[in-house]
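Please look through the sequence and the structure below, and keep both in view while reading. The report that follows moves from charged side chains to a sheet and then to a helix.

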Amino acid sequence: MSNPTTRVLALLELLQIHGNATGSELAQKLGVDGRTLRRYIATLEEIGIPLTAERGRHGGYKLVSGYKLPPMMFTNEETLAISLGLLAARSLSVGEVSSAVASAQAKLERVMPQKLKQKLRALDDSVTLDLVPTAAPDSTTLTTLAAATQTRCRTLFDYTSGNGNEPTTRREFDPYGLVFRRGRWYAVGHCHLRADLRTFRLDRMQNLQQLDIPFRRPQNFDAAAYLTTSFSQMEPAVEVELLLHTDVASASAMLGGEVGILTPKGDAVLWRAHTGCLSWFASQLVQLPCSFEILSPPGLRGELRRQAERLLSMTMT
């Protein structure tokens, strides 16, 4: 690293990585003496990069908090890691986040070397992340809950039940963590209405607001582990089989993330799925735009008949 310009850029990268480092540490990593290091620090300041220097045992050099460095300071490996993250974010796009992902990707590509850009585009063309949400919340709900989780502040929202038959309830909720699982976003925490731990789907929340009421989160609480345990304790799912009178592409498009397994069968599609509630599953079937046949279980036909009778009675009142 004999070129002074190369050393100055290396110094900038070290400051990015370590946040705060003593002069002796930086000089040792660069292979220079203290006087030369101070000259490199002065060079960075001359080109407009704000630094702070603190004296004392715990002092050192660091970049001013909030300063934004250009993307070209990332290594090739870091850039590829960020690009994969953006690919995942695009799969999980929520509201205006989608345009932000595209903008970030474009900024990265503008400063990438051509060879690295080709690698990224190969990933983009070849990698498919099956992370599409089956029911996406709006971005405000997600960001508000994330902020409340971080700052340990209580939230308030209206919650709609899954079957649609129960009235919307007003909940005060201490969010302990957010989890993306099985195509949906969940918030895990303490519900004051039920005075116990509860899990809520973000897409069923309305009128969410953060309250100025702090809470204490249980030490070492694992939201993902709690959600896994909750799912495992649910009633065993019932396997359902239907014959959809359409093609696979159309079936996949109309079912969204609730696909299950779709298999072509003649001029129709065999749909295998699982549900923990036949009544709820029947309520979803009435929304299908194509005709279908229920193969199993027999109880699903009765639930579908009850759903049809309920809808018919509503239209006659």
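In this predicted model, Arg154 is buried, with a relative accessible area of 15%, a value that falls under the 20% limit used for that word. Its partner in a salt bridge is Glu172, and the closest N and O atoms of the two are 3.1 Å apart. Because Glu172 belongs to strand E5 (residues 169-181) and Arg154 to strand E4 (residues 153-159), the pair ties together parts that are 18 residues apart in sequence. Glu172, for its part, is partly exposed, with a relative accessible area of 33%.

Side chains of opposite charge can pair when their charged atoms come close. How many salt bridges does a search of the whole structure find? The search finds seven, and the table sets out three of them.

| Salt bridge | N to O distance |
|---|---|
| Arg154 and Glu172 | 3.1 Å |
| Arg170 and Asp158 | 2.9 Å |
| Arg201 and Asp203 | 2.8 Å |

The side chains of Arg170 and Asp158 meet in a salt bridge at 2.9 Å, N to O. Since Arg170 lies in strand E5 and Asp158 in strand E4, this pair ties together parts that are twelve residues apart in sequence. Arg170 counts as partly exposed at 40% relative accessibility, whereas Asp158 is buried, with a relative accessible area of 15%. In the salt bridge between Arg201 and Asp203, Arg201 counts as buried at 13% relative accessibility, while Asp203 counts as partly exposed at 26%.

The strands E4 and E5 bring us to the sheet. This is an open sheet of five strands, arranged in the order E7-E6-E5-E4-E8 with antiparallel pairing. Which strands stand at the edges? They are strand E7 (196-201) and strand E8 (205-214), and each has a single partner strand, so one side of each is left without a neighbour in the sheet. On average, and with direction ignored, neighbouring strands of this sheet are turned by 45° against each other. Strand E6 (residues 184-191) pairs with E7 in the antiparallel sense over six bridges, and Cys191 stands opposite Asp196 in E7.

Turning to a helix, H3 (residues 34-46) has 13 residues and reaches 18 Å from its first C-alpha to its last, which is close to the 18 Å expected at 1.5 Å a residue. Which residues of H3 are buried? They are Thr36, Leu37, Tyr40, Ile41 and Leu44, and they cover an arc of only 145° around the axis, which puts them on the same side of H3. An α-helix has 3.6 residues a turn, so residues three or four places apart point the same way. The buried residues of H3 pack against helix H1 (4-18), helix H2 (23-30), strand E2 (51-54) and strand E3 (60-63). On the other side of H3, by contrast, Arg35, Arg38 and Glu46 are exposed. Just after H3, Gly48 takes a positive phi of about 95°.

Terms used: Residues are numbered from 1 along each chain as its sequence is written. This is a predicted model: local features need pLDDT of at least 70, side-chain atom pairs count only at pLDDT 80 or more; totals for chains, interfaces and linings use all residues. Side-chain values use heavy atoms; hydrogens and water are left out. Two strands pair if DSSP finds at least two bridges between them. Helices (H or I, at least four residues) and strands (E, at least two) are DSSP runs, numbered from the N terminus. Axes are lines fitted to C-alpha atoms, for helices over the stretch in contact, and angles run from 0 to 180 degrees between N-to-C directions. The expected span of a helix is 1.5 Å times one less than its number of residues. Buried means under 20% relative accessible area, exposed over 50%, partly exposed in between (1.4 Å probe, protein chains only). The arc is that of the directions from the helix axis to the C-beta atoms. Contact means heavy atoms within 4.5 Å. A salt bridge is a side-chain nitrogen of Lys or Arg within 4 Å of a carboxyl oxygen of Asp or Glu.
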